[in-house]
Amino acid sequence: MTRRVVPAPHHRPDPIPPSSGDKHDHILISSAICNGDDLGPFVRKAFSSGKPDSLLHSLRAFSRSKESEIEEVCKAHYQDFIRAVDDLRSLLSDVDSLKSSLSDSNSLLRSVASPLLSSLDAFVEARVVARNVSLASDAVRACVRALEACARANEHLADGNLYMALRSVDAIERDHLPAIPSSTLRRMLDRTIPAVRSHAERRIAKEFGDWLVQIRVASRNLGQIAIGQASAARQREEDLRTKQRQAEEQSRLSTGLRDCVTYSLQEDDDDEIGTVNDVVSDHGDLKEKLGFDLTPLYRAYHIHQTLGLQDRFKAYYIENRKLQLTSDFQVSSMTPFLESHQTFFAQIVGFFIVEDRILRTGGGLISRSDVDNLWETAVAKMCSVLEDQFSRMQTANHLLLIKDYVSLLGVTLRRYGYLVEPLLDVLNKHRDKYHELLLSDCRAQIAEVLAADKFEQMLMKKEYEYSMNVLAFQLQTSDIVPAFPYVAPFSSTVPGCCRIVRSFIVDSVSFMSHGGQLDFYDVVRRYLDRLLGEVLDGALLRFLATAALGVSQAMQVAANMAALERACDFFFKHAAQLSGIPSRVVERGGAGRRRVFPLKKSRDAAEELLAGLLRTKVDDFMLLTENVNWMGDDPPQYGNEYANEVIIYLETLVSTAQQILPVQVLNRVLLGILAHISENIVGFNANAVTGFDTDIRLFESFADNQAHLFVEDDGDMEVVAGQLRGALAEARQLVNLLMSSHPESFLNPVIRGKNYDKLDYKKVVTISEKFRDSSDRLFSTFGTRGMKPNPKKKSLDTLIKRLKDVS
C-alpha cells in the first residue's frame, strides 16, 4: 500500500532587501555555483573587504531558492518515490538470503584458499630474493669487467704501450663506467682515468723530447750522407763525360774504333742508371739506409690524437723545430767557416730531408705550407750567411770549396722539391769576385814561374815527362813520339803557365757548373780571355820590359810565345769541352776557337826584343863599314868585309834559331834584320855603289839559301825566296836607281811603281845628294877640265831638283 504524505507549508520571514551591489554579487555567486566554478575568489574577496556576512547571506539566499525547487520536484514526483520505497522493501528479503549465501560461500572459499595464499606469499618473497640476487650478480659482473679492463690498462702501462693503455681507458670510460653500480668504484675510476691520461701525456712528451735531441744528431749524419751521395753521383757523371770525350777523341783518330767505343759507353751508361736507382732506393728507405727513426715522433702524434690533443701537438712540434732550425743557423765565431761549413749545411740538409719525410708519411702532422715557411726562413738565413762569409773571403780556393758544397746542397734538396734558386743566385752574384781572386792568384803564380825560369830549352828524359809537359797541352808539332832524351823547343815557362791556365779553366768551370746555369761556356771564355789577355800577357810584357836578356834568352822567349800560341788553341778547346760542348761541335762550329791571339802584344814585344838585340849585333858588324873605302877607285870583287861577317853571323843565327823558333817567327825576324841592313847606307861614289851592289847580292844569295827553311809542304820556294828578297827591296831598288843611266826615270809614275815602289822621296834625295857630292869631288879634279858633262850626273841633278820641288 502506497502512502502519500503532504508536506506542511513552511513560512519564512521575508529577507531584508539587498542593496544593488549585494544583488550583483549574489547573481555572480549563484552563476558560479550553477556552473560548478570555484568559490574561492568570492570567499577571499568577502574576507578581504570585511563583508563575510554578505557572502553568507548570498549563500543562504541561494540555498533557500534551491530548497523551494527541491520541494517542487518532490511534490511533482511524490508517487514515484512511494512506489520506489515499496519496491526496495520487497527486495530486502531477497537481499538477506543472498547475503547468507555469500557469507557461506566466503567461508568455504577462505577455508579452501588459505593454503594457496600461504604458498603465494612464499613465492612472492622468493621472487623478490631472486631478483635481488640477479641484480647483485649483474653488478658484480660489471665490476669484474671494469676491473679486468683496468688490469689490462695497467699491463699496457707497465709495458710502455701507451696507445693501448689509452684505448683501454677510453673503453672503461665509455663502456664500463656508466654500468658500474658501485659508487665507490666509480669515484675511484673518475679520479684515476684523468691521472692515467696525464701520465701518458707526460711520458710521451719526454719521449718526444728525447727524439728531438736524437734527430738533431741524426739529421747532421743524414745530411752528410745525402750530400756525399750527390757528390758521388756528380763524380760519376764527370767520369762518364770524361770517357765520352776520350771516346770522341779516339773516334776522330780511328773511324774503325767507333763501334767498339760506342758499345763500351753504352755499358757505362747502364751502370750509371743502376747506380742512380740505388741512390733513389737508399733515400726511399731512410730508416734503414740513412740511420734515423721517426717512430717516436709518429707514436707521440698518435698518442696525442688519441687524447684529442693533435692540434696542440702540431703547434708544439712546429715551434720546437723552428727553435732547432734557429739554433742550427748559429755560426761559431771561434771556428773558421771554412772548417765548419760542411757541418753547417749538412745539418740544414738533414733537417729538411726529415721534414720532407714527415710531410709525406706523417699523416697530416705538418702541412706543405709549414715546410715552405721553414724553408723560406732557412733560405733567407743561408743567403745572409753566405753573403757575409763571401764578403770576408780573400782566397779563391776557399770560396770554391764552399760554392761546391752549396751546389751539392742544392742538388740534394732539389730532389725533394725545395726551391734552391735563391742560393744559386748568391753564388752567381759572387762569380766576379771569385774570378778576380783566381786571376790574382794566377798573376802571382805566373810571376813566380817567369822568375824561376832560366830560359833554356827543357830536357825531358822520360816519356811521362813528355806526356806531362807536351802532350798534356797539345804542344807537339808531330804525332810521332820523339826519342828520349828529348830537348823541347821551349823553356819551363811554357808548361808552367799552361798548368796555371788549365787549373784556372778547371776552377772556373767548377764554379760555373752545377749552379743552375746550363750554357756557361761564354762566361768561362770571357774570363779565360781576361786571364790570357790581361794577366798572362801583362806579366810577359812586364817581364820583357824589366828583364835583362841576351840574344839566346830572347830567342827562347820568342820560341815560348810560339808554343803558347799553340797552347791557346788547346785552352779554348779544353774550356769548351769542360763546359759540356762536344769536340765535334767545337771543331765544326768553332766554339772553342779563338779569334785573335790573346798574347799578341807580348809576342810582338818578344820578337821586337829579339829583333832589337839582333839589330844591335848587326850594327856592331856594320861598324866595320867605317873601314870600307867608299870612295875607292875599284869596287870590291867579293863584297865588303862587313857583309861577309854579317852573313856568317846570320847563317849561324839561322842554324841555331831554326831548332827552336817556328818558321813564321824566324821568317819575321830575318826579314826585320835584312830590312835593317838595307837601311844602313853611307856616303859613297860609283865604285862604292858597285861594291854595295855586290854586298846586296851576297845578302840576296843568303836569302835564297835560307828560303828552303820556310817552304811548307805545298809551298813555292821562289815565292818564299821572293819574300826574303823583299826585305832587301829598298836597298836593291836604291842601288839599281843609282846604277841606272837615267835616274830621272824615277819621276815617271809607271816606272817608279814598277821598279822603285819601296823607295821614299826624302831618302832618295838624301842619298842622291851624297852620291852627287861625292861624284863632284871625284870629277872636279884638274884632269877632268874640258871634258864633256856627264849625262848621268845631269839626270841625277834633274831628279834631285824635281824631288825637292815636289817636297
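View 1. Arg-216 is partly exposed, with a relative accessible area of 29% (buried means under 20% relative accessible area, exposed over 50%, partly exposed in between; 1.4 Å probe, protein chains only). This is a predicted model, in which local features need pLDDT of at least 70, side-chain atom pairs count only at pLDDT 80 or more, and totals for chains, interfaces and linings use all residues. Residues are numbered from 1 along each chain as its sequence is written, and side-chain values use heavy atoms, with hydrogens and water left out. Asp-328 forms a salt bridge with Arg-216 (a side-chain nitrogen of Lys or Arg within 4 Å of a carboxyl oxygen of Asp or Glu). Their closest N and O atoms are 3.1 Å apart. The pair links distant parts of the chain: Asp-328 sits in helix α10 and Arg-216 in helix α6, 112 residues apart (helices are DSSP runs of H or I, at least four residues, numbered from the N terminus). Asp-328 is buried, at 8% relative accessibility.

**View 2. Glu-201 and Arg-312.** A salt bridge joins these two residues, with the closest N and O atoms 2.0 Å apart. Distant parts of the chain are linked here: Glu-201 belongs to helix α6 (residues 183-253), Arg-312 to helix α10 (residues 310-328), 111 residues apart. Glu-201 is partly exposed at 24%. Arg-312 is partly exposed at 47%.

**View 3. A pair within helix α18.** Arg-525 and Asp-522 both lie in this helix (residues 521-546), 3 residues apart, about one turn. Their salt bridge has its closest N and O atoms 3.3 Å apart.

Key. Helices (H or I, at least four residues) and strands (E, at least two) are DSSP runs, numbered from the N terminus.
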